[in-house]
Amino acid sequence: MSLKGKRILIAKPGLDGHDVGAKIIALALRDAGADVIYTGLRRSPDYIAKVAVDEDVDAVGLSILSGSHKELVEETVRCLTDLDAGDIHIFVGGTIPSEDHDELRGAGARGIFTAEMTVDDVVSAIDADLGA
Amino acid sequence: MSGPTRNPRRNLSRALTRIADADVTETLAQQDDLAPPSLPRIGVTGAPGAGKSSLIARLAQRRKAASGRIAVLAIDPTSPLSQGSILGDRIRMDAIADDPDIFIRSIPSRRAHDGLADNTADLLNAMEGHGFDEIILETVGVGQAEYTIRTLVDTVVLVLVPESGDAIQAMKAGILEMADIYVVNKSDLPGADLMAAEIENVASRERGDGWTPPVIRTARNDEDGFRALDAGITAHATWRAGHTDPDATRRARARYQAQGLIARRVKEVLDEEGADFLDKGQRDLFDALVARLGPDSGD
């Protein structure tokens, strides 16, 4: 498994202030060889999309614990598309009820990661998706 | 998707990725497309934790007001174990991160050991011709080895903090003598006076080129300090225009770039060759290596 040479943005959209999960995933992705950029807390989808473009990332991982995952994913996809960057892959992690998964996939999420998964599972899924 | 997009900023951003990932052959092939370098370059260096990224955020806002569009290249260390990296400089630059007139790009240091990244020279050159007016380069901050930043930028700003007294001892023979401007950051902390006095002692020594580096104090809530830093950089640029030979600068950069390309090519060849190549003994190994050099040989 290697994400060597892949650039990944880990972002915290919305208002929840808990980023332990985001940081654990960021470190695990680095250990798998990726170059990881972390935005810090409480960023708007617009801000996240702009950073994703300037940093030319292959994927954006959104960590959301606030319950607003549907709105935040849709808005991030829309902002990326406005910047002609709709091809950047989006992943979502956090407290995401299983009944929302289909809708998030429909909105463009390529992977949905919850607390039931191990860190290795998450890294493997991102690795498989980015087709290293 | 790899063709050009309708978003010029994204096209630049992708070009930087191509350059950062390029091997030596590709790097050489891209040279003809580059505009001749003309943008002023400010280098900001100093130990980890000195506050380089936060300082750059404040500085970029000021430079933008005077100079126009600013590009920031921020280099962070690559893990030697995984080859991965956490590029964290942007977190400290959040005030400017979505400013349309400021472009920030985080760069992993990869294989380079001099506080820069493998292709820093090429990345700096690639910023030309995209409507920027000035480039700010932030380096990893590993101490002595960083004097190579001297070659690639026009003005070197060294950021120190009051508690870096012991670090000063270690740095004396290296970057400390190469800086054009000294900043004592976090100067509201105890020990700032002592630090500033020590640096002034170093700075007042004759450098041989006639420039006496100013020692500037900055602190989070002190606009005067950042104003003085901004003015100091402009003063150094003005002095430089009358006192340095652009041909000598160009040649020094060409030399650094050539040395870097050769070092990377050597690494590429050694990675391609197997264990028996390394078992030859140094003299045969060296001859075999020289025979294998050249971007197109042996592939």
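I noted that the model is predicted: local features need pLDDT of at least 70, side-chain atom pairs count only at pLDDT 80 or more, and totals for chains, interfaces and linings use all residues. Residues are numbered from 1 along each chain as its sequence is written, while chains are lettered from A and ligands numbered from 1 in the order in which they are written.

**Domains of chain B**

Nine residues of domain 1 of chain B are in contact with ten of domain 2 of chain B (contact: C-beta atoms, placed from the backbone, lie within 7 Å). On the domain 1 side, α2 (24–30) and α5 (149–152) of chain B are the elements that give two or more residues (DSSP runs numbered from the N terminus: helices are H or I, at least four residues; strands are E, at least two).

**Chain A against chain B**

I then looked up the contact between the chains, which takes 25 residues from chain A and 29 from chain B. On the chain B side, α1 (8–21), β3 (85–87) and β4 (102–108) each supply at least two residues, and α1(B) gives the most, with seven.

Last, I checked the strands: β2 (residues 35–38) of chain A and β3(B) run parallel, joined by three bridges (strands pair if DSSP finds at least two bridges between them). Which residue of β3(B) is the bridge partner of I37(A)? I found L87(B).

Note on methods
Two residues are in contact if their C-beta atoms, placed from the backbone, lie within 7 Å.
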